[in-house]
Amino acid sequence: MNVIQDIKETVSILQCAEELGYHPLHTGNSWKLKEHDSCVIRINNQGKEEFFWNSRGLHGDVIDFYIAMTNCSIQQAVQSLSHHSPSPPKYRNLYNATEKQPHVPFHLPDSAPNNKRLFAYLCKRGIYPVLV
């Protein structure tokens, strides 16, 4: 296996971001960097990490991420990333959490005897009582 492929399979973008001093924040099914909120890290359909830096029009894998954050050449990025250890278990657990959960049928609660609470809520939201 070549070095670049090995880096892409073993080094996490989230791990790399933390080691560079950034703070990934978990939001829904992706992560955003606290320092650059337009930089989003997510898992694609093939189960691989990718990043999108929307404000700069950049995207790619861990090597592209390292180059974007450090403004270095691909040779320097590969050399630096080849010394990283595999991604820590805490990120693997987060990825597993994004897997699909078994389908649970939706059941409506029992209906209320009157619409008092709905009426009060809509009036509180600024809708005229005559319209409700």
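Val-130 counts as exposed, because its relative accessibility is 80% and the cut-off for exposed is over 50%. This is a predicted model. Val-130 sits in the segment after α6 (116-124). Together with Phe-119, Ile-127, Tyr-128, Leu-131 and Val-132, Val-130 makes a nonpolar surface patch of about 660 Å².

In general, nonpolar side chains of soluble globular proteins tend to be buried together. The core comes next. The largest nonpolar core has 23 residues. Within this core, Leu-33, Phe-51, Val-62, Phe-65 and Leu-81 touch the most other members.

What does Phe-65 contact, leaving aside its neighbours within four places in sequence? Phe-65 is in contact with Ile-13, Cys-16, Ala-17, Leu-20, Leu-33, Cys-39 and Phe-51.

Now to α4. Its buried residues are Ala-77, Val-78 and Leu-81. Seen down the axis of α4, these residues fall within an arc of 95°, so they line one face of the helix. An α-helix has 3.6 residues a turn, so residues three or four places apart point the same way. The buried residues of α4 pack against α1 (3-10), α2 and α3. Exposed Gln-75 and Gln-79 are on the face of α4 turned away from its buried side.

Key:
Residues numbered from 1 in each chain as written. Predicted model: local features only at pLDDT ≥ 70, side-chain atom pairs only at ≥ 80, totals over all residues. Heavy atoms only, no water. Core = buried A, V, L, I, M, F, W, Y, C linked by side-chain atoms within 4.5 Å. Buried < 20%, exposed > 50% of the residue type's maximum accessible area, 1.4 Å probe, protein only. Contact = heavy atoms within 4.5 Å. Patch = residues over 30% accessible without salt bridge, like charges linked within 9 Å, V, L, I, M, F, W, Y side chains within 5 Å. Areas by Shrake-Rupley, 256 points an atom, 1.4 Å probe, with all protein chains shown as cover. Salt bridge = Lys/Arg side-chain N within 4 Å of Asp/Glu carboxyl O. Helix = DSSP H or I, 4+ residues; strand = E, 2+ residues; numbered from the N terminus. Arc of directions from axis to C-beta.
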